[in-house]
Amino acid sequence: MASSSIIFLLLSLLCIVCEARSPTAARSGASNFIKASCSATKYPSLCIQSLAAFAPSIQRSPRQLAQTALSVSLERAKSTQAFVSKMKKFRGLKRREYEAIKDCIEEMSESVDRLSKSVQELKYMGQAKGQDFMWHVSNVETWVSAALTDENTCVDGFAGRALDGKIKASIRARVINVAQVTSNALSLVNQFASKQ
């Protein structure tokens with residue numbers, strides 16, 4: 001009787017230890033999955049940095065990774081759009097600066113719209129297969145590519161020395177970051193599509 005109680009106690013302790021280690025192992029596996037997936041993107045360090053906090057929800061799901069990457073891109077695009085909108089209110093802007101900011105706001109608005117459509121399309125495509133799946137993925141890829149073009153067009157609007165200064169530098173830095181995150185999201189969507 002005593003030996004069976006000891007065995008039961010040891011098995012119980014073993015189960016507790018296994019359960020305690022399991023979340024760490026899962027988190028480590030998810031982190032490794034993110035690192036491996038991000039290694040194929042154009043900006044791997046930024047990819048890992050922007051997605052690492054979401055490892056518990058991503059697990060090892062290519063679909064969840066693509067969904068999260070798109071959501072991160074969308075949130076950064078929204079934040080950057082708000083930032084650029086605030087810059088338009090600065091006093092003493094040169095006419096050319098004002099026009100570049102106004103155009104950038106429009107481009108970022110379009111980028112936010114396209115990324116939002118992409119997030120929704122991927123979220124609601126369900127268990128589509130075959131041609132239905134490829135149609136949904138094609139929509140997402142088209143919208144994300146267009147969002148990336150919008151972001152690059154915003155940056156291009158600040159070309160030339162006439163616009164050099166703190167406003168140009170701060171807007172460019174933010175928009176370039178969004179464009180890099182968006183580029184990574186597109187790469188991860190392509191990886192998801194290729195695994196189906």
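Q: Is Asp113 buried, partly exposed or exposed?
A: This is a predicted model, and in it Asp113 has a relative accessible area of 41%. Buried would need under 20% and exposed over 50%. That puts Asp113 in the in-between class: partly exposed.

Q: Which residue forms a salt bridge with Asp113, the closest N and O atoms being 3.8 Å apart?
A: To count, a side-chain nitrogen of Lys or Arg has to be within 4 Å of a carboxyl oxygen of Asp or Glu. The two partners here are four residues apart in helix α5, so about one helical turn separates them. At 3.8 Å between the closest N and O atoms, the partner of Asp113 is Lys117.

Q: How far apart are the closest N and O atoms of Glu99 and Lys102?
A: Both residues sit in helix α5 (residues 95-124), three residues apart, which is about one turn of the helix. Glu99 is partly exposed at 25% relative accessible area, and Lys102 also counts as partly exposed, at 37%. Their salt bridge has its closest N and O atoms at 3.8 Å.

Q: Which residue joins Arg114 and Asp150 in one network?
A: Asp150 forms a salt bridge with Arg114. Salt bridges that share partners can be followed from one residue to the next, and here they link this pair to one further residue, Glu110.

Q: How many charged residues are in the lining of the largest cavity?
A: The largest cavity has a volume of about 40 Å³. Its lining is made of Cys47, Ser50, Leu51, Ala69, Val72, Val181, Asn184 and Ala185. Sort them by class and you get six nonpolar and two polar residues, while the charged count is no residues at all.

Q: Which element gives the most to the lining of the second largest cavity?
A: This cavity has a volume of about 30 Å³, and its lining includes Phe33, Leu65, Leu188 and Lys195. Two or more lining residues come from each of α1 (2-38), α4 and α7. The top contributor, with three residues, is α7.

Methods
Residues numbered from 1 in each chain as written. Predicted model: local features only at pLDDT ≥ 70, side-chain atom pairs only at ≥ 80, totals over all residues. Heavy atoms only, no water. 1 Å grid on protein atoms, 1.4 Å probe; cavity = no way out; pocket = protein on both sides within 12 Å on 5 of 7 lines; lining within 4 Å. Points joined across faces, edges and corners; volume = space filled by probe spheres on them. Nonpolar A, V, L, I, M, F, W, Y, C, P; charged D, E, K, R; others polar. Buried < 20%, exposed > 50% of the residue type's maximum accessible area, 1.4 Å probe, protein only.
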